[in-house]
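Keep the structure open as you go through the points.

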Amino acid sequence: MSLLAVLVVGTGAVLLPANDGPAPVPPFSDTAKAAAYAETRALLADAAGTGSPRATVTLLETQARALLAPAPASPSTDASGSSATPPTRASFLAGLSRSASRRLADAGNSDGGTARLLAAVGTAQVLEAARLAAAWGLPVPAGPSLASTAASSPAAPPACAAGGGATASATAEAEAEPAGPGEALAAVVRAEQKAVYVYQVALARLDGSAAETAASDLARHQDLLREAEALARQHCTEPPPREAGYRLPAGFAAHASAALAEQESATLTAYGELVALSDSETRQWAIAGLLGGARRTESWGTSPGALPGLPVDPAALPTLPGSTAAPER
């Protein structure tokens, strides 16, 4: 050691630690979540300056609390909406719509839990942008462009169809493995089966525009049911058989419209779970199904909440840094 010290002093050399190379790139899910948090906080800051309703502020605050991450967004993903120019209602709507589209796009490429969270945030922001546009008398911002799915086109024969007993072996493997897209698709199939039944019964109790809307929604659920069954088979899972009848929501006879809203809301959890447990075209189909279900829930008079398809107690979410507002229940 003494000799080494003499050599260092004599030559003027400086010993530096070995270079470990560039810092590892953070996972896409982490950067997508951080970007979502940054953009939602920016929208929340701009909401007050545009006279946004308290409901909008609460929605964005709840989403930001759900997205709260330990690490801030990097400069490349920090889309701070606040600027020297005060926000206008038109610019706020445009920012909200851009955020919604990006959240849904990022949900397609994120890990399971983050994908479900981003899909929920994006879905609620799409609906909120449409509500504000109607309330403020402004054009409705362009909605997200969701990719088409395999369910909407002729499906390729599944690999598990080759050879007898493929269904039985696939079922045995599914029972031995953790929950995957097969089980999540089965839950979606069951939800759509019940939705078709409830709508069929409701049509006999509705008239006028409500009956027309119910008929259109029934047709959509019938399509979704066929698509979900086709996707289940593509994932080597035999879809659950259709039952003869289902228990109707409480108060159905007197308030059929409210019961339809309740039924639509009940399907959102199944689609949210499928977003988390699937990928590729199946996930894109699930994201589109989540958005469609949230829109129908709202059309029947019930808000799908700040995080559609993601059951969460807002009181259990962390408080935002610098926030003085008490968490709302």
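**Helix packing and charged pairs**

1. H5 passes H10 in a right-handed crossing. Please keep in mind throughout that this is a predicted model. The axes of the two helices, H5 and H10, come within 10 Å and cross at roughly 40°. H5 and H10 are therefore oblique to each other.

2. Which residues make this contact between H5 and H10? On the H5 side they are Gly112, Ala115, Ala119, Ala120, Thr123, Val126, Leu127 and Arg131. H10 contributes Arg283, Ile287, Leu290, Leu291, Ala294, Arg295 and Glu298.

3. Now a step back to the whole chain. The protein has 10 helices and 0 strands, and read from the N terminus its elements run α-α-α-α-α-α-α-α-α-α. Of its 329 residues, 42% count as buried. Among contacts with a separation of 6 or more, 80% come from residues 24 or more positions apart.

4. H10 also packs against H9. The axes of H9 and H10 (residues 280-299) come within 8 Å and cross at roughly 160°. That makes H9 roughly antiparallel to H10, because an angle over 145 degrees falls in that class. The crossing of H9 past H10 is left-handed.

5. The H9 side of that contact consists of Ala261, Glu264, Ser265, Leu268, Tyr271, Gly272, Leu274, Val275 and Ala276. From H10 come Thr282, Arg283, Trp285, Ala286, Ile287, Gly289, Leu290, Gly293, Ala294, Arg296 and Thr297.

6. On to the charged side chains. Side chains of opposite charge can pair when their charged atoms come close. How many salt bridges does the model contain? The count comes to 11, and a few of them deserve a look.

7. Glu273 forms a salt bridge with Arg116, with the closest N and O atoms 2.6 Å apart. Glu273 lies in helix H9 (residues 256-277) and Arg116 in helix H5 (residues 112-136), so this pair ties together parts that are 157 residues apart in sequence. The side chains of Glu273 and Arg116 are also joined by a polar contact of 2.6 Å.

8. Are the two partners buried or exposed? Glu273 counts as partly exposed, at 33% relative accessibility, whereas Arg116 counts as buried, at 11%. Not counting residues up to four places away in sequence, Glu273 touches Arg116 and Ala184. The C-alpha atoms of Glu273 and Ala115 are separated by 9.9 Å, although these residues are 158 apart along the chain.

9. Back to Arg131, as promised. Arg131 forms a salt bridge with Glu128, and their closest N and O atoms are 2.2 Å apart. Being 3 residues apart in helix H5, Arg131 and Glu128 are separated by about one helical turn. Arg131 is partly exposed at 30% relative accessibility, while Glu128 is buried at 5%.

10. Glu238 counts as partly exposed, at 46% relative accessibility. Arg233 is partly exposed too, with a relative accessible area of 40%.

11. Elsewhere, salt bridges that share partners join Glu39, Arg102, Arg103 and Asp106 into one network. Where does Asp106 sit? Asp106 is found in helix H4 (residues 89-107) and is buried, with a relative accessible area of 10%. Leaving aside neighbours within four places in sequence, Asp106 is in contact with Phe28, Ala32 and Leu118.

Key: Residues numbered from 1 in each chain as written. Predicted model: local features only at pLDDT ≥ 70, side-chain atom pairs only at ≥ 80, totals over all residues. Heavy atoms only, no water. Salt bridge = Lys/Arg side-chain N within 4 Å of Asp/Glu carboxyl O. Helix = DSSP H or I, 4+ residues; strand = E, 2+ residues; numbered from the N terminus. Buried < 20%, exposed > 50% of the residue type's maximum accessible area, 1.4 Å probe, protein only. Contact = heavy atoms within 4.5 Å. Polar contact = N/O pair within 3.5 Å; in protein donor to acceptor, adjacent residues only side chain to side chain. Axes fitted to C-alpha atoms, helices over the stretch in contact; angles between N-to-C directions. Parallel < 35°, antiparallel > 145°, perpendicular 65-115°, else oblique. Left-handed = near helix turned anticlockwise from the far one by under 90°.
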